[in-house]
Amino acid sequence: MKIRTSIQKWGNSLAIRITGPLKTIPHFTANMPVEIEVNEHGLKISPIAVPKKKLNLLNETQILKGLTAKKAHTDEIADIHHREF
């Protein structure tokens, strides 16, 4: 696929906007890390594979481990206003 565009000034840098089919075919998204290879023929932009973060799911026992009455602020009892009933 070939699409004509132009290099534009962006602050103190130069930029090429990736629009339309150029962003959908390689599945580019905002803030996606990419690798740019420069050679005598031009530029090659490739997405960088980022490993997915493993979710660290905790059970109730693990969440409450080390919790004491002081750490849970049980000494701070809320004063309920009579209109809150």
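**Finding our way around the chain**

Trainee: Where is Lys-52 in the structure, in terms of strands and helices?
Mentor: Look at the segments on either side of Lys-52, which are β4 and α2. Helices here are DSSP runs of H or I with at least four residues, strands are E runs of at least two, and both are numbered from the N terminus. That puts Lys-52 in the loop between β4 and α2.

Trainee: Before we go on, what kind of model is this?
Mentor: Residues count from 1 along each chain as its sequence is written, and side-chain values use heavy atoms, leaving out hydrogens and water. Local features need pLDDT of at least 70 and side-chain atom pairs 80 or more, while totals for chains, interfaces and linings use all residues, as this is a predicted model.

Trainee: Is Lys-52 buried or exposed?
Mentor: Relative accessible area decides: under 20% is buried, over 50% exposed and in between partly exposed (1.4 Å probe, protein chains only). Lys-52 has 82%, so Lys-52 counts as exposed.

Trainee: How far is Lys-52 from Met-32 in space?
Mentor: Along the sequence, Lys-52 and Met-32 are 20 residues apart. Going C-alpha to C-alpha, the distance between Lys-52 and Met-32 is 13 Å.

Trainee: How far is Pro-21 from Met-1?
Mentor: Start with Pro-21, which sits in helix α1 and is partly exposed, at 39% relative accessibility. Pro-21 and Met-1 are 20 residues apart along the chain. Their C-alpha atoms are separated by 8.9 Å.

Trainee: And what separates Pro-21 from His-81?
Mentor: His-81 belongs to the segment after α2 (60-64), and a relative accessible area of 36% makes His-81 partly exposed. Along the chain, His-81 and Pro-21 are 60 residues apart.

Trainee: Which residue has a positive phi although it is not a glycine?
Mentor: Go to the loop between α1 and β3, where Asn-31 is found. Asn-31 is exposed there, because its relative accessible area is 80%. The phi is about 65°, and the residue is Asn-31.

Trainee: How much accessible area does the nonpolar patch have together?
Mentor: Areas are Shrake-Rupley values with a 1.4 Å probe, with only the protein chains shown as cover. Among the members are Ile-7, Leu-14, Ile-16, Ile-18 and Val-34. The patch lies on the surface, and its total is about 870 Å².

Trainee: Which strand gives the most to the nonpolar patch?
Mentor: Two strands, β3 and β4, each supply at least two residues of the patch. With 3 residues, the one that gives the most is β3.

Trainee: What relative accessible area does Leu-14 have?
Mentor: Leu-14 is one of the patch residues, and its place is in strand β2. Leu-14 counts as exposed because its relative accessible area is 67%.

Technical notes
Patch = residues over 30% accessible without salt bridge, like charges linked within 9 Å, V, L, I, M, F, W, Y side chains within 5 Å. Salt bridge = Lys/Arg side-chain N within 4 Å of Asp/Glu carboxyl O.
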